[in-house]
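Good morning, everyone. Please look at the screen for a moment. Then we will walk through it together.

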Amino acid sequence: MAANRILAHHGVLNAYGHISARDPDDAEAFYLSRSLSASQVGEGDIMRFDLEGDAMADDRRAPYVERFIHAAIYAARPDVHCVLHAHTEEILPFTITSEPFRAVIRSVSDIGVEVPRWDIRTGFGDATNLLVSTIEHGRDLAATLGGHSMVLMRGHGFTSCGPSVLRTVSTAVNLPRNARVLLAARQMRGPVVAMSAAEMASVSGVSGRDLGPDSPAARRGWNLWLAEVGLDGAE
């Protein structure tokens, strides 16, 4: 619930988009809200799904159409424990051009040196509505994501993932800022200097931006965001 509220507050999610978490007690299941705007998600709205994207426990509430994004990534990536799908406006120009989306600020180092771009048209023709509405769509997207932590979706948005809810949310909150900085820098003279792989590894390490659940630095940001949305101590 908290992750939904935080991402809505920071404009990463709006009426659409969603975030999920793998069940810590069952790697073959994940938690995702029923079909609601992120700012409206409460504890009682969370549903449990299997890795085919089917609701469990005979839960008949309306799910998100694109739950297959989450199912397919969890199935393909045992290291992933949180998946986010959003349509954040600042990211959209990078989904429809050849301009690479690169990490140019420290707080998005987790996206890596390369962010692949997925076009549903490539595998499913030009008659789709661009939504990931089947498990086959989800698996194709997961294949393009590969071992990366973020994938752009042509004319649609992006999907990102990470080892924890806190870490995924922390990066996502800063993605619009990274996009604005990158687009502004492109208007200036000279090349844009992105973060290197070595810098990213250092930032994400214990000596840098350790975003493990017990990290004081990570909790400082998380606690502020909780306070901003009137919550305390939850993910």
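How many bridges join E2 to E3, and do these strands run parallel or antiparallel? Five bridges join E2 to E3, and the two run antiparallel.

A word on the source. This is a predicted model, where local features need pLDDT of at least 70, side-chain atom pairs count only at pLDDT 80 or more, and totals for chains, interfaces and linings use all residues. Residues are numbered from 1 along each chain as its sequence is written, and side-chain values use heavy atoms, with hydrogens and water left out.

Now the sheet. Strands pair through backbone hydrogen bonds, either parallel or antiparallel. Strands (E, at least two residues) and helices (H or I, at least four) are DSSP runs, numbered from the N terminus. Two strands pair if DSSP finds at least two bridges between them. Here seven strands form an open sheet. The order is E3-E2-E1-E4-E7-E6-E5, and the pairing is mixed. E3 and E5 (117-118) stand at the edges. Each has a single partner strand, so one side of each lacks a neighbour in the sheet.

Stay with E3. Phenylalanine 30 stands opposite phenylalanine 49 in E3. Their rings also pair. Rings of Phe, Tyr and Trp (its six-membered ring) pair if their centres lie within 6.5 Å; planes under 30 degrees apart count as stacked, over 60 as edge-to-face, and the rest as tilted. The whole structure has three aromatic pairs. For phenylalanine 30 and phenylalanine 49, the ring centres are 5.4 Å apart and the planes are at 20 degrees, so the pair is stacked. Phenylalanine 30 lies in E2 (residues 29-33) and phenylalanine 49 in E3 (residues 46-50), 19 residues apart.

Are they buried or exposed? Buried means under 20% relative accessible area, exposed over 50%, and partly exposed in between (1.4 Å probe, protein chains only). Phenylalanine 30 is buried, at 0%. Phenylalanine 49 is buried too, at 0%.

Next pair. Phenylalanine 94 and phenylalanine 101 have ring centres 5.0 Å apart and planes at 65 degrees, so they are edge-to-face. Both are buried. Ring pairs also link Phe30, Phe49 and Tyr74 into a cluster.

Last, the helices. H1 (residues 2-9) and H6 (residues 165-185) pack at about 5 degrees, with axes 10 Å apart. Axes are lines fitted to C-alpha atoms, for helices over the stretch in contact, and angles run from 0 to 180 degrees between N-to-C directions. H1 and H6 are therefore roughly parallel (angles under 35 degrees; over 145 is roughly antiparallel, 65 to 115 roughly perpendicular, the rest oblique).
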